[in-house]
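Trainee: I have just opened this model and I'd like to learn how to read it. Could we go through it together, feature by feature?

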Amino acid sequence: MTGITTQSGTNLFRQKMQAGQLALGTFVFSPDPCHTEIIGMAGFDVAVIDLEHAPMEIPDVINHIRAANAVGMSCWARIRDPQPQDIGRLLDQGVQGIVLPHFGLNVEKTKAVLDSFRYAPGGTRGTCTGVRAVSYGLDDFKTYSTTSDEEVMAIGLIEDASVVENIEAVLGNCGLDAILPGGPGDLATSMGLHGQGNHPRVLEAIKKVVSAAKQVQGLKVGVYLTDPQTASQWIDLGVDFFLCSIDYRIMANAYKKLRNDLTSQ
């Protein structure tokens, strides 16, 4: 056996949550895999490679997956418009979780998308025994398929006020592995509160999603943070993971602080 199956088949992020430990991740917008490498070296549990807003495609994701594997970190991808064939291609490269934007808006499409995460008979994922996730055919595919079906994660982003209003019904039979309410991005925008992630109405919507998710057996729930000082309120509600900011935003704030510190002498 080669090392790839162990690295890309075992979802360390998922295992940490199942052990009752708080898991941490961040979004990566840069095509440079050094960013993912640094995030892993800093002790984070997952890098979420962004294909919705960032200037990246699947070849860029592969480099990030390799970097994540090298530092023992899980790797997810957030995609634009979820399509079964795109999900299969990403999983074939070794992505361990896929974040689905605007989850809950289209029920019919959702079922086809979620079925594509797993192989038959439990799903409809296409089969190729020579892809990277199976060490290009060097590993046993039967073992890989079983592990992948157990470890892969479908993460739904709740980004629309209309979905929040009906969140209990949306989550009642959602088929997801984890849920993540939006914040200062699309969720706030859908409420007419552009960029106001800390507005009381937005926070109340996030709490409603978290509370509903905690009632669904086996469903993990996370929260997106831009300010780590606000984490305690969500920990008290029992969240399983945090996705903390964006690599570019973190870099921008660090450089701004550095510049201010240098000029305040």
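Mentor: Helices (H or I, at least four residues) and strands (E, at least two) are DSSP runs, numbered from the N terminus. Before going on, note that this is a predicted model, where local features need pLDDT of at least 70, side-chain atom pairs count only at pLDDT 80 or more, and totals for chains, interfaces and linings use all residues. Residues are numbered from 1 along each chain as its sequence is written, and side-chain values use heavy atoms, with hydrogens and water left out.

Trainee: In what order do the eight strands close into a barrel?

Mentor: In general, strands of a sheet pair through backbone hydrogen bonds, either parallel or antiparallel. Here the barrel runs β1-β2-β3-β4-β5-β6-β7-β8, with parallel pairing. From one strand to the next, the twist averages 25°. (Axes are lines fitted to C-alpha atoms, for helices over the stretch in contact, and angles run from 0 to 180 degrees between N-to-C directions.) Take β3, residues 74–78: three parallel bridges join this strand to β4, and Ala77 has Ile98 of β4 as its bridge partner.

Trainee: Which strands does helix α4 touch?

Mentor: Contact means heavy atoms within 4.5 Å. By that rule α4 (residues 58–70) packs on the sheet against β1 (23–28), β2 (46–50) and β3, and its direction makes about 155° with that of β3. Elsewhere, α11 (residues 200–213) lies across β5, β6 (178–181) and β7 (220–225), at about 165° to β6.

Trainee: Which residues of helix α6 are buried?

Mentor: Buried means under 20% relative accessible area, exposed over 50%, and partly exposed in between (1.4 Å probe, protein chains only). An α-helix has 3.6 residues a turn, so residues three or four places apart point the same way. In α6 (residues 107–115), the buried ones are Thr110, Val113 and Leu114. They cover an arc of only 90° around the axis, which puts them on the same side of α6; the arc is that of the directions from the helix axis to the C-beta atoms. Their cover includes α5 (84–93), β4 (97–100) and β5 (153–158). Glu108 and Lys111 are exposed on the face turned away.

Trainee: What caps the N-terminal end of α6?

Mentor: Look for a polar contact, a pair of N or O atoms within 3.5 Å; within protein, one must be able to donate a hydrogen and the other to accept it, and residues adjacent in sequence count only if both atoms are side-chain atoms. For α6 the cap is Asn106, with a side-chain oxygen 3.0 Å from the backbone nitrogen of Lys109. Helix α3 (residues 33–41) has a cap too: a side-chain oxygen of Asp32 lies 2.9 Å from the backbone nitrogen of Cys34.

Trainee: How many disulfides does the structure hold?

Mentor: A disulfide is a covalent bond between the sulfur atoms of two cysteines. The test used is a pair of cysteine sulfur atoms within 2.5 Å, and the structure holds zero of them. For Cys128, the nearest cysteine sulfur, that of Cys75, is 20 Å away.

Conventions:
Two strands pair if DSSP finds at least two bridges between them.
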